[in-house]
Structure formats: C-alpha cells, structure tokens
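The following paragraphs guide the reader through the side-chain links that join separate parts of one protein chain. Please keep the sequence and the model in view while reading.

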Amino acid sequence: MSNGSFPPESGRRGGTLAIVLAALIPACCVAFWLLSGSAGGSKDDDADGGSGSTAPSASSPSASSPSATASPSSGKPLQGKVVVIDPGHNPHNRDHPSQIARLVDIGTNEKECDTTGTATNSGYAEASFTLDVARRVRTALEARGATVRFTQDGDRPYGPCVDERAEIGNTAHADAVVSVHADGAAAGQRGFHVILPKSVRGGGADTSAITAPSRLLGERLRSRFAKATGSEPAQYIGDGSGLDVRGDLGGLNLSTVPKVFIECGNMRDPQDAAELTDAAWRERAGRGIAQGITDFLNE
C-alpha cells in the first residue's frame, strides 16, 4: 500500500485479506451508525407518546424547559387584562373648593365635579384611605400579570371630575373598573357594600350593556372582600345584601365597561374606623378586592 496505512504483507493471501478488510471496515461502521440511529429514534417516539415523530434533542428548549409547552404568561392569570382602579376623591380636593364644586354632565342630570369625601373622627381622610388601599390592589393585580391604571395617584391638584374618571376607564377599554371608597354614615351603622350601576339611558349615559357584568363583578367583590377582611355586609343599605344599585353616580352612569364602587366600611363608626385606620386590615382589604377582580376576569 502506497499510503502507508498497513505494513506490506508477503504472499497473495495476505494481500487479498488486507483488501477485504479495507472494504469491510467502512461498511461495518455505516451499519453500526444506522442501527444506533434507529434504536435512538424508537426510544424517543415511545417517550413522546407518538408514532413516526422525532423527539427534540436535549439541547432544544422544548425538551428541557417547562415553559416551552406553556405560554409565556404561565403563572400570570391576568396577563393581557386591563384593570382601572379609581381611588375615590383626592387628598388635594379640599384646597380647590371652587373647581370641585363646578357641575358636570352625568348623563341623567348634572352633579358636582367631585367632593372632598369623608373622614374618621380622628381626621383620617377617605381620600388617604382610598389611595392606600388602591395601591395595595395594584400591587396584587400586577403580580398576576394585569395592566393596572389609576384615575389619580395623588399626583393631580384635584379631581379628576366624575365624568373624567369614567372616561379614563372607557378609553383604556378596561376589562374591569373598581372605584374604592369608604362611607360616611351615622355612627352605629357598620359594614361594607358594593354599588352597582342602575340601567339608565339619558344624554351621554347608557349602562344597558354593563349592568349584568357589573353585577357579576360586584358579587365577586362582595364575596372575596368579606372573606379577606372578616367584615359583614352593611345592614343599613341594600337590605343587608352588601349590594346597592344606584343611578345617580356619574362614574357609573357614564361607564361603558364593567364598573362598581366599593364602600369598604363606615368611617364615622368607631369600630369600623378602627379597622379602616389599621394598615394590616387595609392590606387584607386590598387582597380581597384584587381577588374579587381576579375571580370576575377568570369567569
């Protein structure tokens, strides 16, 4: 052999054997490779549960990563959902009495742009309460993948007016809107309630398309809020059902997306006020509202 791969053999038989071996070795390697590939393919098909398909290699993301068969939003139940949270009133409203007193069209009639809201006997303002709870709701919802928008975050000189609050939810094409409040009823009247939109038509108001989904949203909120906080539905309004239907609120009348108000308790009652001023209770309230919204959006 001129290439020096094998040493020279003496005699015809040695030469013939070298030639045969040289021909057989490549053929055996090819056969071994084919058999190995065939055996590997059968194993992958069995593991994959299919027939005639080729399983991905170990380096493929679909073979080693659980996210390959799950959507990118795995573990984010509210991915793609838009929620608008409306913290009732504004801490700065008291500094702008003339601006918030001006009348705006709420469809069925006219009403003040906004009010200062109520407060506890110790001076804890409803506007401070609503911002705190709303921020806790936002944290919980964003952790679940939702896009959360506020009507105000203490970053405006006053307001916005009730008609603009409704428009913010409409423009966002929100899947749900919740306006957070606390009541200012007489002492001794305790509990929370959820306000639902009445079916109204007039001027720019038409709630006919949102009354049913808003009721569902309100029912989910009522259930989850009660469970999270241990609070009872108010007995002084809504026949103790925890739900109250109203047609005089511009934030509801002008909404074109599912929307409710939640009055988390009575700031003028000492027992309710003790809860509303407690940060741990407000955390539970925020989680309850967030879970009610989540239940509604996952229907």
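A salt bridge is defined here as a side-chain nitrogen of Lys or Arg within 4 Å of a carboxyl oxygen of Asp or Glu. The model is predicted, so that local features need pLDDT of at least 70 and side-chain atom pairs count only at pLDDT 80 or more, while totals for chains, interfaces and linings use all residues. Residues are numbered from 1 along each chain as its sequence is written, and side-chain values use heavy atoms, with hydrogens and water left out.

Side chains of opposite charge can pair when their charged atoms come close. Across the whole structure, the search finds 17 salt bridges. One of them joins Glu 275 to Arg 190, with 3.9 Å between the closest N and O atoms. This pair links distant parts of the chain, 85 residues apart: Glu 275 belongs to helix H8 (residues 270–276), and Arg 190 to the loop between strand E5 (176–183) and strand E6 (193–197). Helices (H or I, at least four residues) and strands (E, at least two) are DSSP runs, numbered from the N terminus. Glu 275 is partly exposed at 26% relative accessibility, and Arg 190 is partly exposed at 32%. In these terms, buried means under 20% relative accessible area, exposed means over 50%, and partly exposed lies in between (1.4 Å probe, protein chains only).

A further salt bridge connects Arg 136 with Glu 283 at 2.8 Å, N to O. Here helix H4 (residues 126–143), which holds Arg 136, is linked to helix H9 (residues 279–297), which holds Glu 283; the two residues are 147 residues apart. Arg 136 has a relative accessibility of 21% and counts as partly exposed. Both residues also belong to a network in which salt bridges with shared partners join Asp 132, Arg 136, Arg 282, Glu 283 and Arg 287.

What kind of link do Cys 113 and Cys 161 form? They form a disulfide, with their sulfur atoms 2.0 Å apart; the term denotes a pair of cysteine sulfur atoms within 2.5 Å. The link is left-handed, with -90° about the S-S bond. Cys 113 lies in the loop between E3 and H4, and Cys 161 in the loop between strand E4 (147–150) and helix H5 (162–171), so the pair ties together parts that are 48 residues apart in sequence. Cys 113 is buried, at 0% relative accessible area, and Cys 161 is buried at 5%. The count for the structure comes to one disulfide.
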